[in-house]
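This briefing concerns the structure shown below. It is arranged by topic for a reader who wishes to follow each point in the coordinates.

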Amino acid sequence: MGIDRIFGINKGKDKDNRPEAKKKEYDTERDYIIKDYNVKKNSENLDSDTKTGYRGSSKSVSSQEDSSTGKKGYEEDFGYSYQGFFDYGNQGYPNDDFADKRRYPAEPKVIRPRFMYKQTLYRKLTIILIEETTALNPFVNIVSKIIESSCQSESDYYCIIKYGDTFTMPKLLFKKELKQEDIIFKGNITNEKSCLYDVVCNIPPFVEEAVLSHKEDERYKYMISEIEVVGIGTCTDNASKNTKKDAYTAFNKLLSRKDIKTKYCCTSDVLMQEPAKFGFRNIVCMSKEY
Amino acid sequence: MKISRQGYTHYSDGINNQDFYYTEGNMKMILDGCSDSKYSEIGTRLFVQLFATLPNRTKLECFEENVKYVFDKLLEQFKFWYKSQEDLENFIMDNLLFTIVACFETENSFVVKLFGDGYVVTVNHNDCVSYIKHYYGRRPTYYVYKYCELIPNNIFKEYEFKTFTFSKEDFKEIGIASDGIAPIVKYDSLKTFDDIITSKLKSDYTAEGVILSNIQSFGDDVTLVINQDIKNYEKSKNEEET
């Protein structure tokens, strides 16, 4: 809005739209030339914007061109315009942005492959040793509960080793990969021999391999940060090829790791010193009979 | 190492430390007072004072007889004050409920005698510490139940001391503890306790310091008696000096 409107200056004056009259309205001829140059340039930009897709020119053009009259900003109805003074932010001085954009057009977006660091997730490895001998038959429910409580987290690794007179080392599995046969202890075992020492001798290389091999998927890398060994049975041996000494040294090698927890659930309190000889830290008894 | 500390819940409830220990020569004994009885700390301290007067107190063969003798004499005295059996048994329940764990060192072995529940702490020759938990249900077997006739179907009369023998070939040291040390077994942060037991840690770290700094984890009274390996302790001291 012009000051003339507010204070009533030039009220009742005839509108003079002639180019000569316009010239008079500006202080100097230079100002007029600059204005005219800007208007032309902006209109050109509008055209070029439609072609190139540049943003930013539409606002300035709309302020210059009245939609109702179709006249340009400096040709307003009231006698003369102060647009050069009040609104020069839009069109007062030459704006080089448009020119720069024309000179240096934006590069087309190219998606380049980037090197992604995979987040490392730490997992716990639980090794459960179940002695499948007749001594465990009375403790079917308790053994199943111990296995269940040890296999709670779905994101951790599990390795359930069931041994009698023979055994096979299973693979590392997630909880969802475990079979029902692994988790549930059915009992009704007729075997009386156990090869605990052979099993214990096989655990340290198995753990080393598991710790050193990092499993990966598209987003994450998995590392084993904690190991828990849970033993269930009598902790006695009568069918091993390895000696007692070998088993003790192998288990000590395992215990030298700082991130390890060990627990043994014995069938009777008389046998509870057997896992203590190995070095199991937490030793409990499944039977509560005095 | 001999520790007996009040548990945090006992501190907050205004109950005294109900555990007590006694060591003499090759013998060490722990009495764990029942938390539910009012004055079981009186029973533990009274028993130890009378037991310590017996002539054959450090002999393994005489241990069970000695315990029986002390209880017999104690209850004879109390019968003078409590004429009826009901009153006497109420007194017993308030004062004399405690478990007994004792360990005797012989030439070739350590012999643990246990009546009730408790822990046996073992150190094998590879310096691995094991905590053997002896637990026989929520209601522990207290020795004094043998004198209670008003308990229906009193099965405790038939119970005797349990004996566990640990060979010196397999174990370097055997300690005994009350069930209050359960948090040491449970929490990883207290795993340093193992190094204190085996004297791997320097002398700055004391077992009491570890318990006090984690006192809120220990609900029940903590009592542990174990002979530390002097050679290891001297080694750590020499390392400190160098």
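The points below cover chain A, the interface, one interface residue and the salt bridges.

The model is predicted. Chain B and chain A bury about 2200 Å² between them, and four salt bridges are counted between the two chains. Over all chains, the count of salt bridges comes to 18.

**Chain A**

- Chain A contains twelve helices and seven strands.
- Of the 290 residues in chain A, 40% are buried.
- Among contacts in chain A with a separation of 6 or more, 72% are between residues 24 or more positions apart.
- The accessible surface of chain A is about 18200 Å², and carbon and sulfur atoms account for 50% of that surface.

**Interface between chain B and chain A**

- The contact involves 31 residues from chain B and 23 residues from chain A.
- Of the area buried between the two chains, 51% lies on carbon and sulfur atoms.
- One salt bridge joins the side chains of K162(B) and D269(A), with an N to O distance of 3.0 Å.
- Between chain B and chain A, 15 residue pairs are in polar contact, with both residues at pLDDT 80 or more.
- On the side of chain B that touches chain A, at least two residues each come from strand 5 (109–115), strand 6 (118–124), strand 7 (129–134), strand 8 (162–167) and helix 5 (182–186) of chain B.
- Strand 7 of chain B supplies the largest share of that side, with six residues.
- By class, the side of chain B that touches chain A comprises 15 nonpolar, nine polar and seven charged residues.

- D194(B) is located in helix 6 (residues 192–197) of chain B.
- Its relative accessible area is 11%; because this value is under 20%, D194(B) counts as buried.
- The side chain of D194(B) makes a polar contact with the side chain of R281(A) at 2.6 Å.
- Beyond its neighbours within four places in sequence, D194(B) is in contact with R281(A), V129(B) and Y131(B).

**Salt bridge K261(A)–E226(A)**

- K261(A) and E226(A) form a salt bridge in which the closest N and O atoms are 3.6 Å apart.
- K261(A) belongs to strand 6 (residues 260–266) and E226(A) to strand 5 (residues 220–233) of chain A, so the pair ties together parts that are 35 residues apart in sequence.
- K261(A) is partly exposed at 27% relative accessibility, and E226(A) is also partly exposed, at 26%.

**Salt bridge R57(B)–E24(B)**

- In the salt bridge between R57(B) and E24(B), the closest N and O atoms are 2.6 Å apart.
- R57(B) lies in the loop between helix 2 (40–51) and helix 3 (63–81) of chain B, while E24(B) lies in strand 2 (residues 19–24) of chain B, so the pair ties together parts that are 33 residues apart in sequence.
- E24(B) is partly exposed, with a relative accessibility of 26%.

- K113(B) forms a salt bridge with E64(B), and the closest N and O atoms are 2.8 Å apart.
- This pair links distant parts of the chain, with K113(B) in strand 5 and E64(B) in helix 3 of chain B, 49 residues apart.
- K113(B) is buried at 9% relative accessibility, whereas E64(B) is partly exposed at 27%.
- Salt bridges with shared partners join E226(A), K261(A) and D188(B) into one network.

How values were computed: Residues are numbered from 1 along each chain as its sequence is written. Chains are lettered from A and ligands numbered from 1 in the order in which they are written. This is a predicted model: local features need pLDDT of at least 70, side-chain atom pairs count only at pLDDT 80 or more; totals for chains, interfaces and linings use all residues. Side-chain values use heavy atoms; hydrogens and water are left out. Helices (H or I, at least four residues) and strands (E, at least two) are DSSP runs, numbered from the N terminus. Buried means under 20% relative accessible area, exposed over 50%, partly exposed in between (1.4 Å probe, protein chains only). Contact means heavy atoms within 4.5 Å. Accessible areas come from the Shrake-Rupley method with a 1.4 Å probe; for residues, only the protein chains shown count as cover. A polar contact is a pair of N or O atoms within 3.5 Å; within protein, one must be able to donate a hydrogen and the other to accept it, and residues adjacent in sequence count only if both atoms are side-chain atoms. Buried area is the accessible area (1.4 Å probe) that two parts lose on being put together, summed over both. Ala, Val, Leu, Ile, Met, Phe, Trp, Tyr, Cys and Pro count as nonpolar, Asp, Glu, Lys and Arg as charged, and the others, Gly among them, as polar.
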